[in-house]
There are 4 protein chains.
Amino acid sequence: GDITVEQAQKVVKAAEAKARQQETLMNIAVVDAGGNLKAFSRMDGAFLGSIDISIRKAKTARLFNMSSKDLGDLAKPGQPLYGIEVTNGGLAIFGGGELIRDKAGTIIGAVGVSGSSVENDMAVAKAGAGGL
Amino acid sequence: GDITVEQAQKVVKAAEAKARQQETLMNIAVVDAGGNLKAFSRMDGAFLGSIDISIRKAKTARLFNMSSKDLGDLAKPGQPLYGIEVTNGGLAIFGGGELIRDKAGTIIGAVGVSGSSVENDMAVAKAGAGGL
Amino acid sequence: GDITVEQAQKVVKAAEAKARQQETLMNIAVVDAGGNLKAFSRMDGAFLGSIDISIRKAKTARLFNMSSKDLGDLAKPGQPLYGIEVTNGGLAIFGGGELIRDKAGTIIGAVGVSGSSVENDMAVAKAGAGGL
Amino acid sequence: GDITVEQAQKVVKAAEAKARQQETLMNIAVVDAGGNLKAFSRMDGAFLGSIDISIRKAKTARLFNMSSKDLGDLAKPGQPLYGIEVTNGGLAIFGGGELIRDKAGTIIGAVGVSGSSVENDMAVAKAGAGGL
């Protein structure tokens with residue numbers, strides 16, 4: 001199972017709706033089950049530096065089948081994966097990357113969100129992933 | 001003048017409509033006036049290798065304010081810009097990247113399309129750029 | 001609004017004047033609103049390794065619309081953006097990158113300074129940004 | 001002997017004067033005898049893609065102690081250095097990069113110009129190099 005472009009656009013729309021509710025300006029990226037970019041949208045005025053980060057968060061989540069927050073917890077100083085962020089051309093090891101699952105629970109892709117505080121980014125990413 | 005997310009989505013939709021008419025599967029990327037990614041969509045089944053190419057085509061068009069086809073014509077063996085493709089981290093020097101202008105003619109971004117023959121890519125990119 | 005070459009040269013001159021007052025040797029980079037290099041100057045004898053850092057500091061400030069110092073504070077171990085420096089091809093997460101605003105307060109670019117202590121770099125960058 | 005920042009600024013000013021006379025919009029880069037960036041200026045409205053190319057032209061000239069045009073002639077299909085453009089992280093193998101010499105004829109740096117036709121780029125680069 002792989003995410004369709006229709007599903008990816010639903011994820012983007014759900015994320016944007018949450019961002020508007022938060023009054024934040026977000027970059028939203030969706031990757032497929034292969035970790036390849038499927039859809040992307042940058043809200044007007046959103047950080048330019050978050051283009052790269054939103055894509056990286058989505059890829060990071062799919063690369064290890066966990067949220068970028070969970071990977072980040074394992075990558076902190078003193079933790080077992082300390083330093084992992086320099087692998088794979090650079091990982092995002094903070095919140096805002098979430099897996100996307102179909103109704104059966106199968107992972108079909110991931111969404112990455114960047115543009116505000118990590119807490120806001122995470123809430124928007126979860127809203128996106130839950131938008132299917 | 002910079003492209004808005006609403007305008008970028010219109011460009012993507014116009015490009016997708018043309019691709020469906022052609023019965024091709026396309027990657028479509030939109031960059032803003034600064035050459036930074038604004039929107040992206042990959043149709044189901046479209047080439048994975050065209051993610052990078054579509055983004056590069058859009059950037060190439062904006063970097064030199066001409067279509068990637070026109071730059072490519074200047075970059076062929078024997079032509080004045082032969083070898084330019086290795087600059088800027090790699091340029092796309094074949095058709096499928098087109099400038100996006102507003103009603104007043106100001107360049108507000110560019111669209112890059114990749115997934116089929118260069119002729120089809122160009123037709124879809126032009127349909128996208130004309131979709132505002 | 002985007003910085004003009006005349007404004008960028010004023011920023012460089014103001015930064016150089018501050019560096020001479022400090023008796024430091026600086027690399028000074030100015031990027032426009034799109035994060036693209038607009039002007040650069042390296043004082044005689046300034047660190048070669050600071051060419052890259054000064055450009056990166058300016059870009060970092062513009063990519064997240066805050067000084068590289070403020071971003072750095074969020075990127076320390078235990079802070080929410082720990083690890084962000086590996087994104088965007090490498091960010092500078094210490095002081096010396098400052099936003100440039102026009103009279104109305106609109107961000108029109110950023111300046112990055114590198115060549116001495118972080119404190120000196122920051123003072124020169126602020127003098128540059130304030131030189132308009 | 002290495003180019004000073006004062007000399008580099010003279011080169012930039014001489015190049016800009018020639019560009020204004022041509023009514024072209026140029027990116028102008030100066031590197032020192034070590035091939036490291038010394039000064040850079042982008043005229044308002046000049047191609048974004050020429051930032052990278054102007055720097056690359058200056059470096060290319062200094063890396064091989066000949067103009068980028070002369071290196072380019074050796075790099076064409078059928079010529080002895082065919083393919084050299086992919087070395088050194090990417091070389092510019094068309095005109096617009098010229099060596100800078102002091103009164104005694106010693107190479108003290110190089111200037112790269114990009115933004116118009118190769119012929120115009122070359123004329124501006126030569127005017128810059130001759131501006132000392």
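Colleague: Over how many bridges do E1(B) and E2(B) pair?
Modeller: This is a predicted model, and in it E1(B) and E2(B) are the two strands of a hairpin, with 4 residues between them. They pair in the antiparallel sense, and the number of bridges over which they do so is 5.

Colleague: Which residue in the turn of that hairpin has a positive phi?
Modeller: Within the pair, B:Val31 stands opposite B:Leu37 of E2(B). Between strands E1(B) and E2(B) lies the turn, where a positive phi of about 85° belongs to B:Gly35.

Colleague: Which residue in E2(B) does A:Ala39 stand opposite?
Modeller: E2(B) is also joined to E2(A), by 3 bridges, and these two strands run antiparallel. E2(B) is mostly covered, with 6 of its 6 residues buried. Across the pairing of the two chains, the residue of E2(B) that stands opposite A:Ala39 is B:Ser41.

Colleague: Which are the edge strands of the sheet?
Modeller: The open sheet is formed by 8 strands with antiparallel pairing, in the order E3(A)-E4(A)-E1(A)-E2(A)-E2(B)-E1(B)-E4(B)-E3(B). An edge strand here pairs on one side only, and the strands for which this holds are E3 (97-101) of chain A and E3 (97-101) of chain B.

Colleague: What is the bridge partner of A:Gly97 in E4(A)?
Modeller: E3(A) is joined by 5 bridges to strand E4 of chain A, residues 107-114, and the two run antiparallel. In E4(A), the bridge partner of A:Gly97 is A:Gly112.

Colleague: At about what angle to E4(A) does helix H2 of chain A run?
Modeller: Helix H2 of chain A, residues 49-64, lies across strands E1, E2, E3 and E4 of chain A, together with strand E2 of chain B. Helix H1 of chain B, residues 5-22, packs on the sheet as well, and its direction makes about 30° with that of E2(B). For H2 of chain A, by contrast, the angle is given against E4(A), and it is about 150°.

Colleague: Is the crossing of H1(A) and H4(A) right-handed or left-handed?
Modeller: The axes of H1 (residues 5-22) and H4 (residues 118-129) of chain A come within 7 Å and cross at roughly 140°, which makes H1(A) oblique to H4(A). Among the residues that meet are A:Val11, A:Ala15 and A:Lys18 in H1(A), and A:Asn120, A:Val124 and A:Ala127 in H4(A). By class, the contact has 8 nonpolar, 3 polar and 1 charged residues. As for its sense, the crossing is right-handed.

Colleague: Is B:Glu16 buried or exposed?
Modeller: B:Glu16 has its place in helix H1 of chain B. Not counting residues up to four places away in sequence, B:Glu16 touches A:Val5, B:Ile28, B:Ser41 and B:Met43. Its relative accessible area is 7%, and because a value under 20% is the criterion, B:Glu16 is buried.

Colleague: How many Å apart in space are C:Leu91 and C:Asp32, C-alpha to C-alpha?
Modeller: C:Leu91 has its place in the loop between helix H3 (68-74) and strand E3 (97-101) of chain C, and with a relative accessible area of 9% it is buried. Leaving aside neighbours within four places in sequence, its contacts include C:Arg56, C:Leu63, C:Phe64 and C:Ile84. C:Leu91 and C:Asp32 are 59 residues apart in sequence, and in space, C-alpha to C-alpha, they are apart by 17 Å.

Conventions
Residues numbered from 1 in each chain as written. Chains lettered and ligands numbered in written order. Predicted model: local features only at pLDDT ≥ 70, side-chain atom pairs only at ≥ 80, totals over all residues. Heavy atoms only, no water. Pairing = 2+ DSSP bridges. Contact = heavy atoms within 4.5 Å. Axes fitted to C-alpha atoms, helices over the stretch in contact; angles between N-to-C directions. Parallel < 35°, antiparallel > 145°, perpendicular 65-115°, else oblique. Left-handed = near helix turned anticlockwise from the far one by under 90°. Nonpolar A, V, L, I, M, F, W, Y, C, P; charged D, E, K, R; others polar. Buried < 20%, exposed > 50% of the residue type's maximum accessible area, 1.4 Å probe, protein only.
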